[in-house]
Amino acid sequence: MTTIIRGGTIVNADRAFRGDVLCFGDKIVAVGEQLDAPANATVIDAGGQYVMPGGIDTHTHMQLPFMGTVTADDFFTGTAAGLAGGTTTIMDFVIPDPKQSLLEAYRTWRGWARKSAGDYTFHVAVTWWDESVHADMGTLVREHGVNSFKHFMAYKNAIMADDETLVKSFRRALELGAIPTVHAENGELVYQLQQELLQKGITGARAHPLSRPPEVEAEAANRAIAIAKVLGTPVYIVHVSCAESLEAITRARAKGQRVYGEALAGHLVIDDSVYASEDEDFARGHVMSPPFRGKHHQAALWQGLRGGNLHTTATDHCTFCAEQKAAGADNFTRIPNGCGGVEERMAIVWDAGVNSGTLTPSEFVRVTSTNAAQIFNMYPRKGVIEVGADADLVVWDPNGTRTISAKTQFAKGGFNVFEGRTVRGIPTHTIAAGKLVFERGDLRAEEGAGRHIDRPAFTTTQA
Ligand SMILES: NC(=O)NCCC(=O)O
Ligand SMILES: [Zn+2]
Ligand SMILES: [Zn+2]
């Protein structure tokens, strides 16, 4: 199958230029001006719009069993929603229960992911430690294309990794040429604050941010960075939500440490006033960890993205419907944590980032796709428009608008944290592995069309 995108402004992280992109099968086979194409080629007229590498969302949770329930989006609906928003690859998480074999959990997630409409790859969480975990990490890296391991420093009595696990797993990751990643929150502190709030009778969703102040996140970020420094490993911090965590990353980077930070679309534009709502369903709909923060934290995150101390944008797409969230109606600690966004991330980052002048189009590509591909070793297969790369592309209309609503979204869950927001800058076409899968609102996602993307180990020690 041949597809040609004619007359676009091609935007890569390093430059933008006018040209056509010719795709054959699932690859880009030519990039240049006035390209010839076979008579049977599908022609997309970009008409001067931007043509960019498909988005990579470094952080999603499709079909995740979590806090006594399972997320509303599975791998088909979640990846399909991503395609509608210009995201062609997701990085999801295998999360073994404590004492569960990593390989067994990995096989389970691979089975669930077979129905994906877009490409996917996995970070594997290390939630406990023994010699079998040490061995399974090796097998995952050498035989299954895994090169990143996740550590939850929060969620005590569930999936929280203690310091022994962090240290041993970071060390093992280094040995294998894999990168450790962390959810940075001090789980013990969260737990104690939660108990105190409940004892005081503060049981509603408004208590959620009170149990997770910025210092809780900053302490864990500093701890993970210090452990990485001592062991000589790089470290990637997921969903950086506050100025204090960003300061920890910035400080370490200034001293030459290889620390990467991820910002979520939600944390970039939504503030903590959502938890003060009288409407408990609405407030519960915004319960995620770390929570939404005060406005000055958003400004800091944008500064981090522009200044190069934050590298990727993601969503932590983890959708639950109102009935699921209501499990915590009398006790905020039982509200399943998580919000959506895989469908909106690209438009939110463009609208708030590029339209405001904070990011250039090339910087947008860098933080929505290229950096993710480079940090997680998928580059140049992903993250760039060049010959030989996967034909994952988004045609972007910088003047098109859309008002976001749960009523019109493709994602499940019936709730949208960006509800009512009108964004300027939207995808008109998404091409995934060479196939036109989204065209002006018409989503043609195909169950099972997505592929697992193997990510080889890094060949050199990176720290
Ligand atoms: N973020 C969140 O609240 N839910 C998903 C799990 C996680 O990433 O912590
Ligand atoms: Zn997390
Ligand atoms: Zn997450």
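Contact means that the C-beta atoms of two residues, placed from the backbone, lie within 7 Å.

Some ground rules. This is a predicted model, where local features need pLDDT of at least 70 and side-chain atom pairs count only at pLDDT 80 or more, while totals for chains, interfaces and linings use all residues. Residues are numbered from 1 along each chain as its sequence is written, and chains are lettered from A and ligands numbered from 1 in the order in which they are written.

Now the domains themselves. Domain 1 is made of 2–52, 382–397 and 424–440, and domain 2 is 55–375. Those bounds come from an automatic or database domain assignment. The two centres, taken over C-alpha atoms, are 31 Å apart.

Next, the whole chain. The protein chain has 14 helices and 19 strands. Both are DSSP runs numbered from the N terminus: H or I over at least four residues for helices, E over at least two for strands. The radius of gyration is 21 Å, close to the 23 Å that the globule rule gives for 463 residues, so the chain is as compact as a globular protein of that length. That radius is taken over C-alpha atoms, and the rule is 2.2 Å times the number of residues to the power 0.38. Along its principal axes, the C-alpha trace spans about 70 × 50 × 40 Å. Of the 463 residues, 56% count as buried. A residue is buried if 20 or more other C-beta atoms lie within 10 Å of its own, exposed if 12 or fewer, and partly exposed in between, with C-beta atoms placed from the backbone. Take the contacts between residues at least 6 apart in sequence: 77% of them join residues at least 24 apart.

Which residues surround ligand 1? They are H61, H183, M288, S289, D316, C318, N337 and G338. The shell divides into two nonpolar, five polar and one charged. To be near the ligand, a residue needs its C-beta atom, placed from the backbone, within 6 Å of it.

Stay with S289. The peptide bond from S289 to P290 is cis, with omega near -5°. P290 lies in the loop between α10 (280–285) and α11. A cis bond also joins Y379 and P380, with omega about 0°. P380 is in the loop between α14 (361–375) and β16 (393–403).

Why remark on these? Most residues other than glycine have a negative phi, and most peptide bonds are trans.

On to phi. M67 has a positive phi of about 50° and is not a glycine. M67 sits in the loop between β7 (65–66) and β8 (69–70). M67 is partly exposed, with 18 other C-beta atoms within 10 Å. R440, another residue other than glycine, has phi near 45°. R440 lies in the loop between β18 and β19 (442–443). Is R440 buried or exposed? R440 is exposed, because 11 other C-beta atoms lie within 10 Å.

α8 (residues 243–254) has 12 residues and reaches 16 Å from its first C-alpha to its last, close to the 16 Å expected at 1.5 Å a residue. The expected span is 1.5 Å times one less than the number of residues. Buried in α8 are A243, E244, S245, L246, A248, I249 and A252. Their cover includes α7 (214–231), β13 (235–237), β14 (259–264) and α11 (295–307). Just after α8, G256 takes a positive phi of about 90°.

α13 (residues 345–354) is mostly covered, with eight of its 10 residues buried. Those are R345, M346, A347, I348, V349, W350, D351 and G353.

Last, D397. D397 is in strand β16. D397 counts as partly exposed, with 19 C-beta neighbours inside 10 Å. Leaving aside neighbours within four places in sequence, D397 is in contact with Q49, I426 and T428. The C-alpha atoms of D397 and G434, 37 residues apart along the chain, are separated by 20 Å.

Key: Ala, Val, Leu, Ile, Met, Phe, Trp, Tyr, Cys and Pro count as nonpolar, Asp, Glu, Lys and Arg as charged, and the others, Gly among them, as polar.
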